[in-house]
Amino acid sequence: MSDKKPISSVNDFVVRFANVNGSGSASANEMFARAILRHGVPVSPRNIFPSNIQGLPTWYEVRVTEEGHLGARGGVDMMVAMNPQTWDKDVAGIEPGGYLFYDSTKPLPSTKFRDDITVIGVPLTAITNSTYTDPRQRQLFKNIIYLGALSALLDMDPKLIEQLIGEQYKGKEKLLSSNVHALHLGRDWALQNLKCPTGLRVKKSDKVGDRIFIEGNSAAALGAVYGGATVCAWYPITPSSSVAEAFTAHCKKYRHDPATGKAKYAIVQGEDELASIGIVIGASWNGARAFTATSGPGISLMTEFIGLSYFAEIPAVIMNIQRAGPSTGMPTRTQQCDIIACAYASHGDTKHVLLFPEDPAEAFEFAAAAFDLAERLQTTIFLMLDLDIGMNHRLSRPLKWDDSKQYDRGKVMTAQMLDEGRDFGRYLDVDGDGIPYRTYPGTHPTKGSYFTRGTSRDRYARYSEEGSVYADNMQRLVRKFETAQDLVPRPLQANAERPTKYGVIYFGSTSPAMDEAIGMLEARGHQLDRLRIRAFPFHSSVASFLAEHDFVYVVEQNRDSQLRQLIVNENGIDPVRLVPIVHYDGSPITARYIAKAIGDHQDHLKVTPLRKAVS
Amino acid sequence: MTYIAKPKFHHPGLKKNELGYTHRDYEGKISTLCAGCGHDSITASIIEACYELSIEPHRVAKISGIGCSSKTPDYFLGNSHGFNSVHGRMPSVLTGANLANRDLIYLGVSGDGDSASIGFGQFAHSIRRGVNMTYIVENNGVYGLTKGQFSATADRGSKSKKGVTNTDNAIDLVAIALQLGATFVARSFSGDKAQLVPLIAAAIGHKGASFIDVISPCIAFNNHAGSTKSFDYVREHNDAVNRLDVLVGRDPIAVDYAPGTVQVVEQHDGSKIALRKIDADYDPHDRLGAQTFLARHAAKGQIVTGLLYVDPDADDLHTHLNTVETPLNTLEADTLCPGSAALDKFNASLR
């Protein structure tokens with residue numbers, strides 16, 4: 001098919017940049033995404049990068065989406081092919097009728113191209129070399145030059161890009177003007193030598209609104225600042241390191257005493273994840289709000305301490321920015337694969353609270369809420385993010401905070417309460433919610449001290465190996481977990497227009513793709529009610545949703561449908577009624593994938609109506 | 001058994017310290033360790049040191065790992081909060097606790113399995129960071145609770161109770177602590193309370209990472225001929241470099257020193273350490289000298305004890321992190337939360 005009509009689309013297409021990592025392309029590519037936002041057109045960018053610092057292939061994908069679909073779409077309409085290593089695969093990945101943008105300085109044989117796409121050559125190296133002599137400048141400005149050329153090809157307003165450059169290099173006039181110059185070098189060359197614009201165009205709109213452009217990790221870290229975290233201990237691991245780094249940056253801005261310059265926080269880079277969680281447990285035991293951020297392998301290392309937190313009832317907040325496992329797995333690829341590992345982390349009978357934010361705004365809210373929950377429930381709270389939310393800029397509703405909010409420090413017995421003669425039993429349930437009172441070390445000269453241990457003990461924290469004493473405590477922990485059900489964020493349900501016996505459950509970063517897929521499925525005639533789970537333990541509305549539907553799809557990004565397993569296990573329901581829809585190749589799940597998987601299954605159900613076959 | 005309450009009555013004429021507490025106020029539950037265990041002597045020394053320093057018992061946080069040694073915090077300072085945490089992880093738990101509230105006294109109790117094997121890394125890194133703590137290793141060279149396996153501090157060539165010869169090299173925690181920058185390093189012997197009590201008292205007064213390695217014979221599994229951690233062996237090979245007196249407050253312990261034999265070190269908390277020299281050439285302010293001295297004596301099979309190194313001007317992790325003077329665990333939303341106005345500005349910067 002040599003004469004495939006070029007794709008024509010306004011504000012709805014995917015541009016993918018293929019680069020070599022370490023070449024400085026990231027900032028130019030991010031500027032491209034931001035420039036489109038400044039046109040009032042939503043974008044959803046994604047970094048696809050290797051576990052490497054320099055020399056390996058990396059991609060940056062920008063989905064331009066007037067409709068505001070923030071999930072990955074799949075497919076590429078324009079490939080900016082700047083990496084010879086991945087050329088063949090990159091060219092093959094372009095949609096028929098799509099566009100290939102490349103550096104035409106060196107001629108390439110025709111076999112290197114396709115005849116069903118539009119090939120756009122710009123002699124980037126030639127332009128760069130004739131303008132700059134310094135090798136580093138050549139490399140960096142080449143990125144800005146292609147940005148300029150793209151602005152012409154996609155009909156973007158160069159003033160908006162100049163404005164961004166102005167903001168980025170504010171106060172660095174020399175850099176500012178040289179970047180603007182490079183931008184116009186590329187833009188002018190394209191305008192003079194190429195047909196501009198192409199079929200893909202950016203047109204000014206007003207669909208961005210007051211939304212902000214932020215990475216989930218930065219939002220979660222800010223949530224920790226707002227939530228009152230004062231101690232952070234961490235060990236570097238992709239994709240979570242930027243949580244601690246963002247926490248450091250936010251604290252530098254917001255947490256220094258203006259008079260003395262002293263820090264109202266302490267951040268320690270631990271020697272490993274065991275030390276990190278140990279520091280968190282020690283600080284929380286002593287009454288500070290503390291957290292760590294990690295990813296799968298770190299969770300594995302922390303599990304002994306997580307069991308201690310559960311059994312000795314010490315608050316802790318762990319942000320798990322999930323990546324593909326097992327073992328080292330794919331450190332720079334996204335998955336939702338630690339659901340089971342976190343829900344039941346550690347030896348013995350344990351259960352933990354998990355929070356599943358869908359985007360940066362929820363990452364902020366849930367991170368702050370995690371500290372209230374940890375102190376209220378005196379246990380570990382997992383904030384389950386993933387690389388897709390954590391390390392990509394996402395268009396998100398603005399972050400909100402209610403200034404009247406006080407922290408919920410949970411059940412803490414003070415010196416005054418002890419002096420009033422209140423009975424203090426560290427593991428004594430006084431009001432039926434399963435949560436005992438605790439005291440901070442140093443509270444009272446003669447009352448309220450206790451010995452914390454991971455071994456079994458009675459309601460007054462006295463060592464005991466009595467079976468009945470042990471079982472009594474374990475039962476109370478179950479009661480406490482039931483209490484948690486009503487404290488954690490509830491699931492959100494959205495029903496189809498017409499009543500339906502089919503439902504779908506999803507969570508976390510699957511959200512935008514799922515929302516988009518619902519529209520696609522409706523177009524195919526499939527009606528589905530949706531339930532977005534936002535926390536574990538599951539609220540009773542999850543059981544109701546399951547009861548109200550014959551079949552429920554559970555969409556998730558792991559191989560073994562872990563959330564489905566958890567639902568089956570915790571709700572004791574027939575697994576046949578829960579249909580797994582899994583995506584686990586390390587790329588973010590797409591609406592196309594979900595719509596196809598569910599649509600095909602639905603079509604199949606229509607061909608052989610199960611109810612009729614059974615009756 | 002620890003659930004049997006210790007009788008609270010005591011002699012009415014029992015001496016009281018500056019705060020009006022008796023010795024009994026610093027005790028804990030009845031020990032469940034073997035009769036004659038060296039660890040119980042260390043417990044007694046900790047009680048003695050805290051009594052003499054007139055510390056308010058509840059202002060101490062006792063943190064330990066797992067093992068015989070780590071059970072002992074239940075046996076002293078019954079009005080203090082204690083935390084028998086995870087094997088080898090006392091240092092990280094203590095570090096976190098210390099960050100949360102800089103105003104308490106942190107006593108870390110560990111053993112040789114806990115600190116030289118499973119927790120060797122955490123031992124090292126807490127020392128490196130200069131956490132303000134007194135880190136005591138009750139060092140008996142064996143795993144007691146699991147019945148007599150060698151630990152990493154067992155000397156090469158020493159024999160186990162079952163007659164097995166240890167072929168692995170020993171880790172000397174004192175040498176490591178010196179190398180890692182501990183600002184108070186001492187070694188003592190559980191059988192020498194006169195030496196140990198003032199060492200513990202001085203370590204508590206020290207601001208920074210204080211480390212004391214206390215050789216503490218295991219009566220059940222490591223007190224036989226062929227052991228280098230037995231009472232007899234340690235007594236025969238103990239080479240003390242100095243003796244200490246800790247002078248606290250208005251009523252210093254009266255001592256009569258011969259001129260030229262005493263070195264007085266003033267600590268951050270105002271207390272003074274009077275160091276009575278035994279080895280005239282030994283200088284406890286010389287880190288490199290201490291390392292060499294230790295290595296030379298170890299080669300001769302001698303166990304060097306005493307205050308081996310002290311830096312009276314040391315600082316701690318809080319100083320390095322520039323944290324506020326107010327304990328972090330007392331800060332609330334009004335000082336910690338930047339509020340909605342700041343958030344609006346933050347949002348605006350991301351558009």
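A crossing of two helices is called right-handed if the near helix is turned clockwise from the far one by less than a right angle, and left-handed if it is turned anticlockwise. Keep that handy while we look at this predicted model.

Q: Which handedness does the crossing of α7(A) and α12(A) have?
A: Let's find the pair: α7 covers residues 216-226 of chain A, and α12 covers residues 360-377 of chain A. Their axes come within 7 Å. Going by the clockwise-or-anticlockwise rule, the crossing of α7(A) and α12(A) is right-handed.

Q: Are α7(A) and α12(A) roughly parallel or roughly antiparallel to each other?
A: The axes of the two helices cross at roughly 30 degrees. Angles under 35 degrees count as roughly parallel. So α7(A) and α12(A) are roughly parallel.

Q: How many nonpolar residues does the contact of α7(A) with α12(A) have?
A: On the α7(A) side the contact includes Ala219(A), Leu222(A) and Tyr226(A), and on the α12(A) side it includes Phe364(A), Phe366(A) and Glu365(A). Sorted by class, there are two polar residues and one charged residue, and the nonpolar ones number 12.

Q: Which strands stand at the edges of the open sheet in chain A?
A: The sheet has five strands in the order β18-β20-β19-β22-β23, with mixed pairing. Two of these strands have a single partner each, so one side of each is left without a neighbour in the sheet. Those edge strands are β18(A) and β23(A).

Q: Which element gives the most to the side of chain B that touches chain A?
A: Chain B puts 50 residues into the contact and chain A puts in 56. Elements of chain B giving two or more residues include β2, α3 and α5. With eight residues, the top giver is α3(B).

Definitions and conventions
Residues numbered from 1 in each chain as written. Chains lettered and ligands numbered in written order. Predicted model: local features only at pLDDT ≥ 70, side-chain atom pairs only at ≥ 80, totals over all residues. Axes fitted to C-alpha atoms, helices over the stretch in contact; angles between N-to-C directions. Helix = DSSP H or I, 4+ residues; strand = E, 2+ residues; numbered from the N terminus. Parallel < 35°, antiparallel > 145°, perpendicular 65-115°, else oblique. Contact = placed C-beta atoms within 7 Å. Nonpolar A, V, L, I, M, F, W, Y, C, P; charged D, E, K, R; others polar. Pairing = 2+ DSSP bridges.
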